[in-house]
Amino acid sequence: MSGRHGLFLTFEGIDGSGKSTQAKRLASALQSAGHDVVLTREPGGSPGAEEIRRLVLEGDPDRWSAETEILLFTAARRDHLERTILPALGAGKVVICDRFADSTRMYQGLSRGDLRPVVDQLHSLMIGREPDLTLLIDMDPEIGLSRAKGRQGTEERFEDFGVDLQRKMRTGFLSLADEFSQRFRVIDGAQPMDAIAAEILSLVTGALE
Ligand code: ADP
Ligand code: TYD
């Protein structure tokens, strides 16, 4: 699966589920094993997309309509794909991305009405690429929220919506894992960090063979 075309891995899950922690651990484990790895994130991952990140994650939560928000996340993703992800995959690298289009399907597609069809149309028009493997870290929303709240910073846009939204997102992510069962793997995020890292490394090693 790796070879000349690289391997595109994404992490998904609710806020505070341990995605960034595990993405970093996986990147260093694969690097130690001799793989060429690009660790990146969304929204962001390219200079232009990082600028859009500030527009969507900081400031008044009602700053954008739900539809405008979909356009902004998709614009960020398009830039990230063009400038970071596709060139790395083309060079045969392993790309590890902390969140991708499944997050838009959930956060923009579910949180403010049923906008999933709009998200999907825009995705097929402007992105048209799915990950080879998606690691969903499944987590109790109350624990996820308390972990996420423990962090400092100005980016609290979606965490601020609280535990009800997190619950809806958890259920939504699990349904998405059923919908795209070929590329999704669900990992129990309540385990200790080392156990999660070992499980993920073994899944990814299998995909690299
Ligand atoms: P995410 O990127 O999904 O929001 P993070 O990786 O930033 O989550 O983790 C959120 C917080 O929870 C961090 O403080 C991290 O150290 C902690 N954490 C991550 N994984 C675990 C785990 N398996 N057990 C306990 N705490 C964890
Ligand atoms: P992230 O930095 O991954 O936050 P966390 O570490 O708390 O999981 O993502 C920031 C926020 O952006 C997060 O609340 C989810 C949201 N988001 C969307 O709403 N749509 C998207 O398409 C993406 C990629 C993220």
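**Entry 1: ligand 1**

I started with ligand 1 and found a backbone N or O atom of Ser-17 at 3.1 Å from one of its oxygen atoms. I counted a pair of N or O atoms as a polar contact if they lie within 3.5 Å. The model is predicted, so I took local features only at pLDDT of at least 70 and side-chain atom pairs only at pLDDT 80 or more, while totals for chains, interfaces and linings use all residues. Residues are numbered from 1 along each chain as its sequence is written, chains are lettered from A and ligands numbered from 1 in written order, and side-chain values use heavy atoms, without hydrogens and water.

Next I looked at Thr-21. One of its polar side-chain atoms lies 2.5 Å from an oxygen atom of ligand 1. Then I went to Gln-191, where a backbone N or O atom sits 2.9 Å from a nitrogen atom of ligand 1.

On its own, ligand 1 has 570 Å² of accessible area, and the protein covers 74% of that. These areas come from the Shrake-Rupley method with a 1.4 Å probe.

**Entry 2: the shell**

Which elements give two or more residues to the shell around ligand 1? I found helix H1 (19–32) and helix H8 (193–208). H1 gives the largest share, 3 residues. Helices here are DSSP runs of H or I with at least four residues, strands are runs of E with at least two, and both are numbered from the N terminus.

I listed 14 residues around ligand 1, with Gly-16, Gly-18, Lys-19, Ser-20 and Thr-21 the closest. A residue is listed if one of its heavy atoms lies within 4 Å. By class, I got 4 nonpolar, 6 polar and 4 charged residues.

**Entry 3: helix H4**

I moved on to H4 (residues 101–110). Here 9 of its 10 residues are buried, among them Asp-102, Arg-105 and Tyr-107. Buried means under 20% relative accessible area, exposed over 50%, and partly exposed in between (1.4 Å probe, protein chains only).

What covers these buried residues? I noted strand S1 (7–12), helix H3 (66–90) and helix H7 (163–179), among others.

Arg-99 is in the loop between strand S3 (94–98) and H4. I read its phi near 75°, a positive value in a residue other than glycine. Arg-99 is buried, with a relative accessible area of 12%.

Last, I looked at Pro-43. The peptide bond from Glu-42 to Pro-43 is cis, with omega near -10°. Pro-43 belongs to the loop between strand S2 (37–41) and helix H2 (47–57).

Key:
Contact means heavy atoms within 4.5 Å. A polar contact is a pair of N or O atoms within 3.5 Å; within protein, one must be able to donate a hydrogen and the other to accept it, and residues adjacent in sequence count only if both atoms are side-chain atoms. Ala, Val, Leu, Ile, Met, Phe, Trp, Tyr, Cys and Pro count as nonpolar, Asp, Glu, Lys and Arg as charged, and the others, Gly among them, as polar.
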